[in-house]
Amino acid sequence: MVNHIINRLKANLRRYFTGMSKDVRPPSTKITYKLPTLTGPVHNLGGGGPDVDDAIQWMINQVRGGSNSNTKVNVLVIRAAGNDDYNQLIYRMRGVNYVETLIISNRQEANRTDIFDKVRNAGVIFFAGGDQCEYIRNWKNSKLEVAVKAVYDKGGAIGGTSAGAMIQSEYVYDSCACKDSIETNEALEDPYRNITFTYNLFQWKYLRRTIIDTHFDERKRMGRIMVFIARQIQDGISANALGIAISEETSLLVDKNGIAKVIGRGSAYFVLGDHPPEICQPGSPLTYYDYKIWRVPRGETFDLNKIPSKGYYVRSVKRGRFDCDPY
């Protein structure tokens with residue numbers, strides 16, 4: 001009888017302590033997101049106008065390990081003003097864990113710790129179009145800049161369109177000297193009036209010694225990128241400079257090996273200045289002989305590791321005028 005009572009008491013105590021254990025350590029139902037290993041870095045440089053959706057999907061696929069990978073990545077759209085229209089488009093794409101638009105309109109926001117953490121944990125960053133001068137003034141030498149570089153260093157994707165693409169080159173036409181961006185005729189007439197550059201923002205491996213321009217065919221910007229190139233040489237920044245010019249509704253995809261591919265509606269132009277200009281000085285029209293130009297149509301590639309020794313045509317500017325059609 002006594003043994004029976006003791007056994008009942010032990011059983012009741014076991015049930016009591018088992019129940020108490022479940023109460024204080026409930027099973028977790030929250031699924032945590034583990035940052036994936038990324039397989040870039042890569043770039044998507046958009047020429048402005050309607051975006052090439054396939055170029056954004058390409059960035060996502062490249063860094064997550066391919067279109068058939070089960071890995072999902074965080075995507076951030078960064079801009080200084082505007083809306084979050086990209087969110088719905090990108091969230092429907094394959095391989096997206098979440099997407100968010102960050103509107104960072106001043107230096108205080110660019111230095112916020114929470115924004116730094118959010119950007120650093122992204123796998124894909126896309127800079128929307130806007131005003132490159134505003135981007136540079138608000139973001140250069142900030143925590144945001146450091147976080148973006150961290151994403152690239154861990155194998156992420158850095159893309160952008162229009163002004164968001166132009167800030168990716170080593171030499172950036174910043175458009176800070178005048179209200180409206182300079183255009184071809186003004187630039188060729190005076191390579192120094194209202195034309196300024198920013199250096200040491202991003203220095204991506206395959207975009208060294210480059211200057212990017214967008215809206216290229218539509219706004220006939222060949223003359224101005226020629227001026228931008230001549231200025232880098234004349235000002236002693238570099239002995240040579242490569243202009244990368246992208247048409248609207250077109251993207252240039254740069255893979256992790258430095259091979260650039262054109263997709264979308266139009267073409268990309270690679271414009272090389274590899275010698276000093278004949279005349280590039282304030283108040284005088286530009287004279288520069290023998291730019292080398294590669295016109296790369298959609299579907300074709302250009303190797304950024306080594307400038308090709310063939311496949312180009314030559315154009316010159318004399319007293320601010322082309323010798324013939326440069327396109």
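Helix H5, which spans residues 113-120, has Ile 115, Phe 116 and Val 119 as its buried residues (buried means under 20% relative accessible area, exposed over 50%, and partly exposed in between, with a 1.4 Å probe and protein chains only). These residues cover an arc of only 105 degrees around the axis, which puts them on the same side of H5; the arc is taken from the directions from the helix axis to the C-beta atoms. An α-helix has 3.6 residues a turn, so residues three or four places apart point the same way. The buried residues of H5 pack against strand E2 (73-79), strand E3 (96-103), helix H4 (107-110), strand E4 (124-127) and helix H7 (143-153). Contact here means heavy atoms within 4.5 Å.

The model is predicted, so local features need pLDDT of at least 70 and side-chain atom pairs count only at pLDDT 80 or more, while totals for chains, interfaces and linings use all residues. Residues are numbered from 1 along each chain as its sequence is written, and side-chain values use heavy atoms, with hydrogens and water left out.

The protein chain contains eleven helices and 16 strands; helices (H or I, at least four residues) and strands (E, at least two) are DSSP runs, numbered from the N terminus. Of its 327 residues, 50% count as buried. Among contacts with a separation of 6 or more, 73% join residues 24 or more positions apart.

Salt bridges come next. The structure holds 13 of them, each being a side-chain nitrogen of Lys or Arg within 4 Å of a carboxyl oxygen of Asp or Glu.

Another salt bridge brings together the side chains of Glu 189 and Arg 321 (2.8 Å, N to O). Glu 189 belongs to helix H9 (residues 184-189) and Arg 321 to strand E16 (residues 321-322), so the pair ties together parts that are 132 residues apart in sequence. Glu 189 is partly exposed at 31% relative accessibility, whereas Arg 321 is exposed at 51%.

In a further salt bridge, the closest N and O atoms of Asp 213 and Arg 224 are 2.7 Å apart. Asp 213 lies in strand E8 (residues 210-213) and Arg 224 in helix H11 (residues 222-234), so parts eleven residues apart in sequence are tied together by the pair. Both Asp 213 and Arg 224 are buried. Through salt bridges that share partners, Glu 183, Asp 213, Arg 221 and Arg 224 join into one network.

E8 pairs with strand E9 (residues 241-246) in the parallel sense over four bridges, and Ile 212 has Ile 244 in E9 as its bridge partner.

Methods
Pairing = 2+ DSSP bridges.
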